[in-house]
Amino acid sequence: MANVTITFTVTEFCLHTGVSEEELDEIVGLGVIEPNTSPDEHWLFDDRAVTVIHRALRLRHELALDWPGIAVTLTLLDENERLKQENRLLLQRLQRFLN
């Protein structure tokens, strides 16, 4: 099965997510998402970026965070998830030694 990646221009991305172009500049500047650059130097965003922004907007709405706070929160949430996965793997390895 082939992987299909959907890309959005800046205008399409803003319309789809509800963020303004100014907010998008700040979001990209903070490293929350990274655009792909087209050959003519225009930003393009993939569907993963849309998912990240929807998650960020939920944090903004539920916790009333500003964009820098959202950037830190997303980084910490991603790190927490990575550590949980690592912990699960290590527990599985430990179980092999204990049995």
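A residue is called partly exposed when its relative accessible area lies between the buried range, under 20%, and the exposed range, over 50%. The views below come from a predicted model.

View 1. Arg 60 forms a salt bridge with Glu 23, and their closest N and O atoms are 2.5 Å apart. This pair links distant parts of the chain: Arg 60 belongs to helix α3 and Glu 23 to helix α2, 37 residues apart. Arg 60 has a relative accessible area of 31%, so Arg 60 counts as partly exposed. A search of the whole structure finds 5 salt bridges.

**View 2. Helix α3 and what covers its buried residues.** Helix α3 has 17 residues. From its first C-alpha to its last, α3 reaches 24 Å, close to the 24 Å expected at 1.5 Å a residue. The buried residues of α3 are Ala 49, Val 50, Val 52, Ile 53, Ala 56 and Leu 59. Their cover includes the strands β1 (7-9) and β3 (43-46), together with the helices α1 (10-17), α2 and α4. Just after α3, Ala 64 takes a positive phi of about 55°.

**View 3. The start of helix α4.** At the start of α4, a side-chain oxygen of Asp 66 reaches to within 2.9 Å of the backbone nitrogen of Gly 69. Gly 69 is buried, as are Trp 67, Ile 70, Ala 71 and Leu 74 of this helix. What covers the buried residues of α4 includes α2 (21-29) and α3 (47-63).

**View 4. Helix α4 from end to end.** Helix α4 runs over residues 67-98, which makes 32 residues. At 1.5 Å a residue, α4 should span 46 Å.

View 5. Glu 79, Arg 82 and Glu 86 are linked in a network of salt bridges. Arg 82 forms a salt bridge with Glu 79, with the closest N and O atoms 2.8 Å apart. The side chains of Arg 82 and Glu 86 also meet in a salt bridge, at 2.9 Å from N to O. Why can these side chains point the same way? An α-helix has 3.6 residues a turn, so residues three or four places apart point the same way. Arg 82 and Glu 79 are 3 residues apart in helix α4, and therefore separated by about one helical turn. Arg 82 and Glu 86 lie 4 residues apart in α4, about one turn of the helix.

View 6. Leu 91, Leu 94 and Leu 98 make a nonpolar surface patch of about 290 Å². Leu 94 is placed in helix α4. How exposed is Leu 94? Its relative accessibility is 41%, so Leu 94 counts as partly exposed.

Definitions and conventions
Residues numbered from 1 in each chain as written. Predicted model: local features only at pLDDT ≥ 70, side-chain atom pairs only at ≥ 80, totals over all residues. Heavy atoms only, no water. Helix = DSSP H or I, 4+ residues; strand = E, 2+ residues; numbered from the N terminus. Expected span 1.5 Å × (residues − 1). Buried < 20%, exposed > 50% of the residue type's maximum accessible area, 1.4 Å probe, protein only. Contact = heavy atoms within 4.5 Å. Polar contact = N/O pair within 3.5 Å; in protein donor to acceptor, adjacent residues only side chain to side chain. Salt bridge = Lys/Arg side-chain N within 4 Å of Asp/Glu carboxyl O. Patch = residues over 30% accessible without salt bridge, like charges linked within 9 Å, V, L, I, M, F, W, Y side chains within 5 Å. Areas by Shrake-Rupley, 256 points an atom, 1.4 Å probe, with all protein chains shown as cover.
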